[in-house]
Every structure is written in structure tokens, then in C-alpha cells.
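Q: I have a model open and would like to go through parts of it slowly. Could you keep the terms plain for me?

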Amino acid sequence: YGTGVTMSPDGTLAIFTSDEGVVTALDSASGTFMWQVTPSTDSGAAFCNSGITTSESANFFVVGISNGVEDDTDTTCTVYSVTFDGTATAFPALTGQCSGTPVISNDDSYIFLTHNSGTTGIFSVLDVASQSLYYNETNDVQPFSPPGIYHKPSEGYYPGGEGNTNDIVIWAHTPAPGESGVSIGNTFAFQFPIGFFAGFNTDGLTVIELNTDTNWQAVAAPKITNNGYSMYFSSSRSSFRGWSGAPLDVTDRFNRDGTSVGFSRGSPPSQPSFASLALSSSTSTPMIYGGTASNEFVALDYEMNTAWEFATSFTIEAEARVSPGDDVVYFVEKNGVFHAVDALTGTSIFSDVTFNAPVSANFALTESGRTIIAVDQAGNAVALQVAEVATDAPVTRAPVPPTEAPITMTPTVAPITSAPTTNAPVTSAPVDANATEAPADMPSPVTAAPVTLSPVAVTTPAPVVAATTPAPVAATTPAPVAATTPAPTPAPVEDTAAPIATSTTTSAPTSDGAKSGFLAAGVTAFLVASVMLM
């Protein structure tokens with residue numbers, strides 16, 4: 001099933017990852033199949049819990065794919081670099097399974113990732129030019145969460161990081177396979193040292209322990225903002241944790257505990273909130289949005305004060321998305337119920353759109369804010385028009401000829417079973433005893449050109465959970481597509497039906513609580529494309 005959707009930098013492609021490691025690109029406006037990349041595995045089995053990260057140059061993206069059986073100690077992790085025409089290159093296989101999505105340095109020279117083998121966490125740096133392992137370090141105490149990155153911070157916001165403007169990568173401990181409770185929790189950072197250059201002696205590199213022996217862990221990457229002075233984690237026991245700092249302010253540095261806000265707990269009670277938090281566009285005072293480990297979605301201000309809470313029927317395991325104007329936030333429950341709410345008040349704009357299968361993968365919102373593109377656990381790729389906005393002229397790509405897809409990716413180097421710098425010291429950042437405790441670029445827009453598909457109601461097939469699924473969206477369009485109709489292999493969407501009528505997407509009156517330019521209750525979102533991914 002699908003594990004994530006990301007837009008290409010020019011907005012023409014929607015790129016999907018799947019739990020089997022297959023990467024598929026569709027035309028974002030029509031759903032036409034463009035290309036597909038399939039991993040080559042030694043064991044014949046692959047799995048993936050990674051999304052993709054696009055390089056700053058917009059020339060390539062990276063994805064992490066594991067070879068073997070999940071949670072098996074013999075698993076290996078391979079990072080693939082893929083260009084936007086579907087050409088893939090494999091880096092050396094690494095010990096353990098990939099943890100979330102790799103991230104890329106500001107100059108596109110290095111890839112940073114975490115990967116885990118049993119209770120051992122490993123942090124690695126890959127050299128893009130040589131396609132080789134540059135540095136790694138292990139932690140035998142506990143596995144690692146996915147990493148977050150901030151490019152060119154004002155400084156490393158921890159003791160010893162002063163004046164260091166190199167990219168900062170931060171992650172935490174994560175629960176070990178089968179673990180209940182919170183046994184140990186540390187947070188970590190990595191920065192190349194001041195004066196770093198290509199070919200720098202790796203003996204001078206080290207992972208910094210920011211906060212030791214905390215009482216929380218994480219399963220998702222942190223969000224870092226505000227020139228590297230603010231950070232937000234979803235964490236253990238259904239909580240969010242934040243640091244909101246400023247230059248010369250030592251009271252909220254990342255080596256301190258931060259401010260924690262707890263919500264109704266999930267199952268088990270120690271379960272961390274599932275997804276990374278979504279932030280509004282303000283870098284210094286963002287609003288923070290996310291699903292807890294229980295059945296609720298919440299909003300907080302940048303100082304971690306709860307603004308509103310929204311009760312749901314199921315957990316929310318995908319990261320939310322915020323509209324370009326910061327006025328609407330979108331999220332989806334695991335059972336497939338999709339919501340749009342007023343970002344300021346939490347008032348529902350619509351919640352009567354339901355996918356045909358559960359949804360736990362991150363979805364994409366186009367830069368214009370017009371379209372949501374998502375994938376469910378049955379492999380259905382779905383585009384929903386959620387707003388009436390002006391867009392640019394169409395941009396098109398030619399599909400890759402059938403002879404070029406799928407592309408098989410084969411690792412170029414045998415698995416690395418031991419880290420060259422495994423015994424490198426871990427440096428703990430000291431806490432200032434005199435201090436006192438304080439009380440993302442989005443891609444180009446999808447075109448608004450008429451989509452030559454017959455619109456169908458999203459909710460016609462049976463809901464995932466009939467007792468809790470909202471009522472279907474009414475439709476006056478041709479007969480709904482049955483759940484069994486998608487093709488078993490990706491194929492171009494037929495271009496035979498009439499364009500979607502403009503009358504189906506009227507603007508919502510602001511007096512009804514919906515935002516101007518967003519779709520009215522009763523019209524809500526329309527399925528403009530649906531393709532089965534394999």
C-alpha cells in the first residue's frame with residue numbers, strides 16, 4: 001500500500017512511495033502514469049516506511065528502502081537517488097532497516113539518515129559525489145527515530161554549537177521492536193564542524209547528545225524552524241514537545257527539556273503521537289497542528305498553548321497540511337475520513353469525504369492549495385480538488401516510454417556490516433547550571449486546466465467502518481467506480497470523458513463558516529483522478 005505522496009518541484013508530478021519499496025510517478029493534473037522504479041533485493045522482499053526528500057537544486061530526490069523482513073536483524077537499508085525522469089542510483093547497503101525518510105544537505109553534497117538493527121541505532125552520512133558511506137556512528141542502547149534537518153541555522157542551538165551555521169540534523173530515540181513503556185530516551189544532533197570542507201578528516205566528526213535520559217521517545221521526525229532556534233517533536237504518551245528560543249537566550253536550548261503538552265493517551269499508553277507536526281508559514285511564531293496518539297486532532301501556538309481540539313473517530317497517522325494562506329488545515333483519519341477545518345478556530349469546513357480504504361500515508365497539497373493528492377492502503381492514488389484558486393498555464397511532461405519502466409535498482413556495493421567509525425565518542429552537551437528554565441518550500445502549482453475525467457463521488461464504495469463513516473458526498477455524475485475497477489498495473493488515465501463542470505465547485509459562503517474560495521458544504525471535494533498503484 002502507499003506510504004507517502006510528494007510533489008515534484010515543478011508541480012507536474014505526484015510521486016508515491018509504497019510499503020514494498022516501489023516508487024511511482026503520475027502526472028499530477030490527470031493521473032497519467034509516467035514512470036515507476038522497483039527496487040532490486042537480495043532476499044526478494046523489500047519494505048519501505050520512507051517518503052521522499054527533494055534536493056535543494058531540484059535535480060533529484062532520495063528515498064530509503066529496506067531489504068529483508070521488517071524488524072529482522074539481517075535487514076539492510078539502501079538509499080536511492082532518483083532523478084525526475086525515473087533514473088535511479090543505489091548507494092551502498094547499510095546495516096539494519098531504514099528509519100523514516102533520509103534528508104539532504106543544503107548543497108546537495110551529503111545525505112543524512114538513521115537506520116536500526118534490533119536495539120541498535122545507527123546514524124550515517126552518505127557522500128553524493130562518490131556514492132559512498134562518508135561517516136557513521138552507532139548507539140547500542142536504543143534505536144533511532146527518523147531525522148529532521150534545518151539548513152543554514154544561525155547557530156547550533158546547544159552548548160558548543162555557537163557560531164556553527166552548518167546544517168543541523170536532529171533525531172531522538174524510538175521504541176524498540178515489541179517494547180512497551182519508555183525505557184530510555186535521548187535526543188541527538190549532528191553538525192559538520194566550523195571550517196568543514198570536502199575531504200575533512202572524519203576523526204573530527206561526532207554525534208552530540210543533546211538531552212540525556214529523558215522520559216520520552218519519538219516515531220516521527222522533528223520540525224525545526226525560526227533560523228534553527230525552535231523545534232517541535234511529537235513524542236511519547238500522546239504528547240507534543242516544543243522549544244521556542246531566540247539568539248542569546250540560553251533558557252530553551254535544545255539540550256533542555258522543552259515544553260511538553262499531553263493529550264488523551266493511545267494504546268499502549270506510552271505510544272508516541274504518530275506523525276510529524278505541521279506548522280503554519282510563520283517561521284518565528286508558527287501555529288502547530290497534529291494528531292495525537294488517541295482519537296483527536298489539536299492545534300497549539302508556538303509557545304505550546306492549546307488553541308483548540310477536534311474529536312475524531314480514529315487515530316491520525318498522516319501529517320496534516322496547511323493551506324497557503326494559513327486559514328485551512330487538512331487531515332485524514334486512519335479509517336479514510338478526510339477533514340478540512342478552520343485553522344484558527346477548529347470549526348469543520350467539511351468532513352464528508354471518505355477514501356475507499358484506510359489512510360496512514362502522508363499526502364500532498366499542491367502549492368496553489370487547489371488539490372490534495374493522497375494514497376490509501378489499497379494502493380488507490382486519489383486527487384481531490386479542495387479549493388477554487390487561480391493557477392498558472394499547464395506544464396506537461398512526456399511519459400517515459402514503456403520500455404524504460406519499471407527501472408530496476410541494484411545496490412552498487414555489498415552491504416556494510418560494520419561502521420567505520422562505530423567507536424567514535426558521543427559528546428554530551430553540558431547544561432548551563434546558571435541558566436533558568438523559561439516558564440517548508442512547496443512545489444510549483446498544479447494547473448487549473450479542465451481534467452478530462454468524469455468526476456465520481458469519493459464515498460460511493462462501502463466505508464471502511466460503517467458505524468463511524470460520515471455520509472457520502474452526493475453526485476450527479478456518471479456511475480460511481482466500483483472498488484474492484486482499478487487496473488492491477490499502473491496505466492494512463494483514459495482521456496475520453498467530458499471535463500469537470502465548473503458548477504460542481506462553487507465557492508463557499510463565508511457566513512457558513514467556510515473560507516472564501518474553498519468548496520461549499522455539500523460539494524466539498526471532488527475526485528478528479530484515481531489510479532491503482534502496485
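Q: How many bridges join strand β29 to strand β30, and do they run parallel or antiparallel?
A: This is a predicted model, where local features need pLDDT of at least 70 and side-chain atom pairs count only at pLDDT 80 or more, while totals for chains, interfaces and linings use all residues. Residues are numbered from 1 along each chain as its sequence is written, and side-chain values use heavy atoms, with hydrogens and water left out. Strand β29 (residues 328-332) and strand β30 (residues 337-342) run antiparallel and are joined by five bridges; a strand is a DSSP run of E with at least two residues, numbered from the N terminus, and two strands pair if DSSP finds at least two bridges between them.

Q: Which residue in β30 is the bridge partner of Phe 331?
A: The partner of Phe 331 there is His 339.

Q: What order do the strands of the open sheet take?
A: The four strands follow the order β28-β29-β30-β31, with antiparallel pairing. Since β28 (321-322) and β31 (348-354) are at the edges with a single partner strand each, one side of each is left without a neighbour in the sheet.

Q: New topic: how many aromatic pairs does the structure hold?
A: It holds 35 aromatic pairs, meaning rings of Phe, Tyr and Trp (its six-membered ring) with centres within 6.5 Å, called stacked with planes under 30 degrees apart, edge-to-face over 60 and tilted for the rest. The rings of Phe 190 and Phe 192 are edge-to-face, because their planes are at 75°, with centres 5.3 Å apart. Phe 297 and Phe 331 are stacked, at 4.0 Å centre to centre and 5° between the planes.

Q: Is Phe 331 buried or exposed?
A: Phe 331 is buried, at 0% relative accessible area, where buried means under 20%, exposed over 50% and partly exposed in between (1.4 Å probe, protein chains only).
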